[in-house]
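Work through the exercises below with the sequence and the model open. Try each task before reading its solution.

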Amino acid sequence: MKVETIEKHRTLKEQLDDVKLYIDGQFVDAESKETFENIDPFTNETLNTVAKGDKADIDRAVEAAKRAFRIWRKEKQKDRLHYMYKIGDFIEKRIDEIAEMESLDTGLPIKQTKKQVARAAQNFRFYADMVKSHLYGEAYQVDEDFMNYTVRKPIGVAGLITPWNAPFMLETWKIAPALATGNTVVLKPGEWSPLTANLLAEIIDESGLPNGVFNVVHGYGETAGASLVRHPDVQLISFTGETTTGSEIMKNGANTLKRFSMELGGKSPIIVFEDADLDRALDAAVWGVFSFNGERCTANSRLYVHENIAERFIQKLKKRVENIVVGDPLDDRTEVGPLISKAHLERVKNYIQLAKEEGCDIFSGSVPDQRFVAPTLLLNAKNPMRVVQEEIFGPVMAVLTFRTDEEVVEMANDVKYGLAAYIWTNDMKRGHKIAQRMEAGMVWINSQNVRDLRIPFGGSKYSGIGREGGHYAFDFYTETQVVHVAIGEHPIPSFGKNE
């Protein structure tokens, strides 16, 4: 490791304060006074300590949010949305600082975190605009007797549980629609990446948002997270994370009849037909699995390439993998950084070892040292293998070949996940036909993972329940109430009259 590289990380570390909880407009210690260490995934040194919230802190935060909801729900829409635009502006002013902290905290390359932070500012503005244009009801007239109409109402306290990968953007993705529709929030961020959640609390505090409307409780999933899920005054839980955890969350929240939005794991296929634009498909395949260190739920971690072009395509793929720049996440040249933690690093390496045992040929790029996982191809993979069926969540792609449309559809769908799929072909009839046969919530044809904020985001099967994004988020964050109004003299049965 270069000396100047270490010094850059240590200089940023010296600027950090310890992270506290943010409850009812105040930065506070955990009730227990306990903390946990936050580790730089690049240097493996302690960055700072984080307040370790648990049930007592969740109780405080929920009580503050519940109390604030009584006022926030009555706030005029224009006043609520004023805060949304203001928060977006404050984020935009601090993009470089936030992106640097995100890279320091997660190991994600700085060029990628800058784009994610810019998206976070857009999330607040987008949902402010969306509330004005799409948060509306419907009216139904029944002859001259009735007028029935619907209104959208905030639900109450929203429990938001976010992951450690791309944390800042994913936090704002949930917070913005929750607040814009009149709910109050208790956020439980991923414990491995607390820095930018703390920055977001600072920004929201600076915006003047009323106390208690937004709260952050750091801590572990089995304590702080579980307490948030079980709390009877939390009406809804939006969770992004691993599938097993999502299942456990739903069980824990069942007794209080919460509504859930679950964005879970993925093992998404990219299918390259022989008539595809191979250079563009190659760009998409490489970016789709190796960007964000491969730690992304929509990663195209299974490549299915038609056997007639397989040899040529795989040779090009190998060259690209060899040239990927792995290193310091704060270096603009870096394309793949260190994984989030030592534990996750070992997990991904164990999958690569498993791939060898299952019969794959392993092809890897180069890394500076053993703190990294090299971008890796699992060649000659077969669909039943665990490394093809299970989510690895790292810079690893299984490579398979196919002969017919029917064969590739069957293989692509033969996993428990169903989040995303990517199809590359210049035959648009085939492209649309294959897309509609994919068991996936989202499909891209001749495109990398480009997101339009207006469209729904979510998966099928073990990849999740529900949809967020665009006006679809309103189905989750609001309650639809129907009001029936009699405008005529409709007949009413008269019980009890004795005439």
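**Exercise 1: the annotated residue**

UniProt lists Glu-263 under "active site", in an unreviewed entry. Positions there follow the numbering used here, feature names are shortened, and annotations may be inferred rather than shown by experiment. The model is predicted: local features need pLDDT of at least 70, side-chain atom pairs count only at pLDDT 80 or more, and totals for chains, interfaces and linings use all residues. Residues are numbered from 1 along each chain as its sequence is written, and side-chain values use heavy atoms, with hydrogens and water left out.

Solution. Start with the element: Glu-263 sits in strand S11, residues 259–263. Strands (E, at least two residues) and helices (H or I, at least four) are DSSP runs, numbered from the N terminus. Buried means under 20% relative accessible area, exposed over 50%, partly exposed in between (1.4 Å probe, protein chains only). Last, the contacts (heavy atoms within 4.5 Å). Leaving aside neighbours within four places in sequence, Glu-263 touches Phe-239, Thr-240, Gly-241, Cys-297, Leu-419, Phe-457 and Ser-463.

**Exercise 2: helix H10**

Task: Find which residues of H10 are buried, and what they pack against.

Solution. Take the span first. H10 covers residues 278–290, and its 13 residues reach 18 Å from first C-alpha to last, close to the 18 Å expected at 1.5 Å a residue. The expected span is 1.5 Å times one less than the number of residues. Now list the buried residues: Leu-278, Ala-281, Leu-282, Ala-284, Ala-285, Val-286, Gly-288, Val-289 and Phe-290. Their partners are strand S12 (269–272), helix H11 (310–323), strand S15 (376–379), strand S16 (396–402) and strand S18 (420–424). After H10 comes Phe-292, with a positive phi near 55°.

**Exercise 3: a loop residue**

Task: Where does Glu-45 lie, and which residues is Glu-45 in contact with, leaving aside neighbours within four places in sequence?

Solution. Glu-45 lies in the loop between strand S3 (35–39) and strand S4 (46–51). With a relative accessible area of 22%, Glu-45 is partly exposed. Beyond neighbours within four places in sequence, the contacts of Glu-45 are Arg-10, Lys-13, Asn-38, Ile-39 and Asp-40. Now check a distance: His-9 is 36 residues away along the chain, with its C-alpha 9.5 Å from that of Glu-45.
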